[in-house]
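Here's a quick briefing to read with the viewer open. Have a look at the fold, then go through the points below.

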Amino acid sequence: MQYVKLGSTGLDVSRICLGCMSYGVPDRGNHPWTLDEQASRPLIRQALDAGITFFDTANVYSDGTSEEIVGKALADFARRDEIVLATKVHGRMRPGPNSGGLSRKAILSEIDHSLTRLGTDYVDLYQIHRYDSVTPVEETMEALHDVVKAGKARYIGASSMYAWQLSKAQYTAREHGWTRFVSMQNHYNLLYREEEREMLPLCADQGVGVLPWSPLARGRLTRDWDTTTGRSETDTFGSTLYPEGDRTIVDAVARIAAQRDVPRARVALAWLLHQSPVTAPIVGATKAHHIDDAVAAVDLDLTDKEIEELGQPYTPHPVSGH
């Protein structure tokens with residue numbers, strides 16, 4: 001495993017982040033394909049044994065049970081100071097007012113709930129899961145700053161939004177002397193590259209680390225186009241992301257993987273790891289070989305010709321994932 005700094009911070013993270021949306025009580029929330037605690041723990045242990053030290057979850061995943069499962073496993077298998085633990089806030093956690101969003105009330109309540117579920121005094125990275133257009137950005141950024149100053153988070157990060165929204169948040173924080181975002185968790189992979197237009201150049205210029213979610217395009221990049229899985233058959237959000245025209249890119253991944261005699265996932269992840277300023281793709285894993293492929297991708301050097309062949313078929317897409 002390789003380790004790099006997260007953006008312009010001094011924080012070391014593994015080049016692969018284990019995404020923990022796949023772990024949670026299956027009948028809680030809207031992810032019926034998640035793995036329960038018994039099935040999740042061996043994968044979390046395998047990730048640690050492989051040198052992965054970066055783990056990402058969210059309060060909304062499986063109604064909070066993802067945080068509970070991940071927190072228990074990391075407490076049993078790792079030393080707290082040796083891992084980087086990230087979670088997120090924004091999604092609605094219960095019926096009624098003030099149950100989601102990025103108001104001061106919501107943020108200060110939800111960080112405490114997350115810490116309780118995770119079984120820790122602090123998270124290393126506290127991220128806003130989406131931009132909240134109905135809450136003043138000053139309110140959100142000051143509340144996040146107070147979370148950091150209270151010792152409940154070491155750093156703060158953002159997730160899918162427009163570049164102007166990230167700029168506005170960063171400018172607001174700087175003007176008031178508040179904590180700024182150090183990372184952007186965004187939708188970015190071979191099938192969706194709209195982030196290259198404005199968001200990635202902004203992150204590079206401002207020293208913001210990039211943590212792509214869905215780096216394998218919901219598994220699309222790992223299998224034949226017409227093949228389905230249990231998750232793809234129930235993932236209504238994912239079914240809207242990638243149009244039929246993306247088939248040619250999937251075919252290119254399959255062709256290069258066959259030439260290299262490696263799984264397709266390694267090729268797709270290696271391409272992403274070659275892109276600047278990507279820090280660590282957030283990789284979900286429900287089988288042992290998912291972790292093996294992700295770790296192996298770190299050391300897979302693609303040629304310039306292969307990178308060109310993978311990128312050439314791309315056509316513009318509507319903005320999605322926000």
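Which residue follows helix 6, and is its phi positive or negative? That residue is G207, with a positive phi near 70 degrees. Keep in mind that this is a predicted model.

**Helix 6**
- Helix 6 spans residues 199–206, and its buried residues are M199, L200, L202 and C203.
- These four sit on the same side of helix 6, because the arc they cover around the axis is only 160 degrees.
- As for packing partners, the buried residues of helix 6 pack against helix 5 (163–176), strand 8 (181–185) and strand 9 (209–210).

**Aromatic pairs**
- You'll find two aromatic pairs in the structure.
- One of them is Y188 with W271, a tilted pair at 5.9 Å centre to centre, with 55 degrees between the planes.
- Y188 comes from the loop between strand 8 and helix 6, while W271 belongs to helix 8 (residues 264–273), so the pair ties together parts that are 83 residues apart in sequence.
- Y188 and W271 are both buried.

**Arginines over rings**
- R80 lies over the face of Y122, and the distance to the ring centre is 4.1 Å.
- R220 does likewise with W225, lying over its face at 4.0 Å from the ring centre.

Definitions and conventions:
Residues are numbered from 1 along each chain as its sequence is written. This is a predicted model: local features need pLDDT of at least 70, side-chain atom pairs count only at pLDDT 80 or more; totals for chains, interfaces and linings use all residues. Side-chain values use heavy atoms; hydrogens and water are left out. Buried means under 20% relative accessible area, exposed over 50%, partly exposed in between (1.4 Å probe, protein chains only). Helices (H or I, at least four residues) and strands (E, at least two) are DSSP runs, numbered from the N terminus. The arc is that of the directions from the helix axis to the C-beta atoms. Contact means heavy atoms within 4.5 Å. Rings of Phe, Tyr and Trp (its six-membered ring) pair if their centres lie within 6.5 Å; planes under 30 degrees apart count as stacked, over 60 as edge-to-face and the rest as tilted. A charge sits over a ring if NZ of Lys or CZ of Arg is within 6 Å of the ring centre and within 35 degrees of the ring normal.
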